[in-house]
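Please keep the sequence and the structure in view while reading.

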Amino acid sequence: MTQNVLDHARNVAVVGPYSSGKTTLLESLLFVAGAISRKGSIKEGNTVGDSTPEARDRAMSVEVSVAECDYQDIHFTFLDCPGSIEFAQETYNALVGAGAAIIVCEAEVSKVLTLAPLFKFLDDWEIPHLVLVNKLDRSKDSFMDILHALKTVSSRPLVPQQYPIRQNQDLVGYIDLITEQAYHYHAGSPADPVPLPDHLKAEEQAAREEMLETLADFDDHLLEELLEEVEPSKEEILKDLKQDLSADQIVPVFLGIAEQDYGTRPLLNALVEEAPSPYVTAERRGLQVKPEGEPLAQVLKTYATAQGGKLSLVRVWQGKITDSMTLNGVRVGGIYHLMGQQQDSQTEALKGEIVALGRMEGIQTGDTLSSGEVKNPLPTADRLTPVYALAISPERRKDEVKLSDALNKLLEEDPSLEWNMGDTREVILWGQGEIHLQVSLDRLRRKYNLPMTTKPPQIPYKETIRKSTTIRGRYKHQTGGHGAFGDVYLDINPLQRGEGFQFSESIVGGVVPKQYIPGVETGVREYLDQGPLGFPVVDIAVNLNNGSYHSVDSSEQAFKQAARLAMTEGMPQCSPVLLEPVLELKVSAPNEFTSKVLQLVTGRRGQILGYEAMAGWPNWDQITVYLPQAEMQNFIIELRSLTLGVGFFAWQYDHLQEVPDKVAERVLATTQAEAS
């Protein structure tokens, strides 16, 4: 594929918060371009995007959907990305391969803040993006107020390319700020040119001046023209828009109502004229688009299809991939263009394309693929910290042997998941939120026939002691033959928090022969698995200081039993106390919500360590706290509820601390009730 051919392709991600209308926009784009003859709808469950059962059950995007179309001699590949923050990993992984992005937002000032994480990611990765202000038929806010609000979440200057024409509250058309031509919308057909309304001339002029002045910041010639009051040509303005958007220096803003196809054609036209080609995108990433050479591709998404086959969605950055070619030691088992759930088989994939490769076993999302050695892997999106967990177990006991294999396949498809066997011997599934895990459980049931039961994970409580004691343990057992005899005196002492377990001996005169001492330590360690409160024991020291033995009946096993008896009798005398794990959280949120976040933490027995302005996030704070793990289960749900869905946190285990008496009483009562 030559550079000229590359110039006739565009890879565009469609992103935006939940309910902004992304999937509806995709239907409109495909319909206007003639790729589909009839638009589907979310309500009817027949859209090209959101075509999986999990998406249609919830009427929301839960994974990246791919669709293609041709418009004005340009071949578009669209990546329809999930809007829910719980599926942000899907979106970020896909954006790594996109040449540009359309941010779809609702026409409400109050919801603009929900765009902040998206703008941040796009700005950090320098991915060109434009904004479509959607659903203007439902808006009570003025377009300029919305534009002003958008500026607060973007580090790039926003450039309006259109201005709305309203009748009462209805959106009936727009003014193209490049040509100053006004248009009226018509359902099912292109907008008609109409005279520019007199009552909007002053507002249109102000918006156009704002556009030109922003462009002039990056073009000295345009700046000279504006200073000399020379009217720039349409061609010069378009050239600046294309150049500045491709360099990710500006963010053009459009408007419309995707459900009625209002604004879709101007948006497509802008993508044709202004969005960068794959050649430009590769150059911006520092890649050489060579006419020959080894292929270079990156996996953006892994699908486990209904038929059980694995598909790896890849962006081809360089070279050509052919069917049956070996990449990273794995033979390509098919090349496909995707249209929702439909697959169109191809014999090759050329640089600049986004295609699915079949049966790439062992290949993971984010991997860099090549027919030779991968010396410099391409950068990948950071993996999000899991923040919500459920303990899971198969409904059918016979399915337990299949669970780990199915979970590993699930993680291939969704790398933002994590699973482990916790200290409580439960299988713990970690994810980005309640809906995220429910979708994952649905996939386990549908794809792997593994229905699961769930519950909140048990907290891995520990126990320790406050006091010391010396105790004797004597084990004597007589049968018909040799008996069993062991006799020990143990000092049991508390240690500082975090020191674990220490065993020592101070035997004098051989009262306990050396060959039996390991048995004493084994007996003590086995007891520590469950102390007097019913939990593993930590931070204690045990010293063997005396004892006696029988020359015939003593054995290592007998001394192990004697040590267990001593621990069983002595530990309740040492004032046992319950310990809980405490996590360190770094909570990030817009500073207008900082006080609410502080209240949330303290209301959950948390300790505020401090907060500061968040680097690289204007008007955001990062709050560092200690939070008991027992208070973490629904923390992310409440945090998002308080922060319009944008608050997030990272966490790590920090230390154990004593459980307050009232809480400890409740925990022990619950534990005893479950055991009885």
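**A helix across a sheet**

Helices (H or I, at least four residues) and strands (E, at least two) are DSSP runs, numbered from the N terminus. The model is a predicted one, in which local features need pLDDT of at least 70 and side-chain atom pairs count only at pLDDT 80 or more, whereas totals for chains, interfaces and linings use all residues. Residues are numbered from 1 along each chain as its sequence is written, and side-chain values use heavy atoms, with hydrogens and water left out.

M144 is placed in helix 6. With a relative accessibility of 29%, M144 counts as partly exposed, a class that lies between buried (under 20% relative accessible area) and exposed (over 50%), with a 1.4 Å probe and protein chains only. Residues up to four places away in sequence aside, M144 touches Y163 and E210. From M144 to V663 the separation is 519 residues in sequence and 53 Å in space, C-alpha to C-alpha.

Two strands are taken to pair if DSSP finds at least two bridges between them. Within this sheet, strand 1 (residues 9-15) and strand 4 (residues 100-106) pair in the parallel sense over four bridges, and A13 has A101 in strand 4 as its bridge partner.

Strand 8 (residues 170-176) and strand 9 (residues 181-186) pair in the antiparallel sense over four bridges, and I175 stands opposite A182 in strand 9.

**Two helix pairs**

The axes of helix 12 (residues 400-413) and helix 13 (residues 434-448) come within 11 Å and cross at roughly 115 degrees. Helix 12 passes helix 13 in a right-handed crossing, a term used if the near helix is turned clockwise from the far one by less than a right angle, with anticlockwise giving left-handed. In this pair, K402, A406, L407, K409, L410 and E413 of helix 12 meet S440, R443, L444, K447 and Y448 of helix 13.

E63 sits in the loop between helix 3 (53-58) and strand 2 (65-71). Because its relative accessibility is 7%, E63 counts as buried. The side chains of E63 and R443 are joined by a polar contact of 3.3 Å; such a contact is a pair of N or O atoms within 3.5 Å, where within protein one must be able to donate a hydrogen and the other to accept it, and residues adjacent in sequence count only if both atoms are side-chain atoms.

The axes of helix 16 (residues 594-602) and helix 17 (residues 635-642) come within 10 Å and cross at roughly 155 degrees. Helix 16 is therefore roughly antiparallel to helix 17, since angles over 145 degrees count as roughly antiparallel, under 35 as roughly parallel, 65 to 115 as roughly perpendicular and the rest as oblique. This crossing of helix 16 and helix 17 is right-handed. K596, V597, L600 and V601 of helix 16 make the contact with F635, E638, L639 and L642 of helix 17.

**Two loop residues with positive phi**

Most residues other than glycine have a negative phi. R605, in the loop between helix 16 and strand 32 (607-613), has a positive phi near 65 degrees. L644, in the loop between helix 17 and strand 34 (648-658), has a positive phi of about 60 degrees although it is not a glycine. R605 counts as partly exposed at 27% relative accessibility, and L644 counts as partly exposed at 42%.

Definitions and conventions. Axes are lines fitted to C-alpha atoms, for helices over the stretch in contact, and angles run from 0 to 180 degrees between N-to-C directions. Contact means heavy atoms within 4.5 Å.
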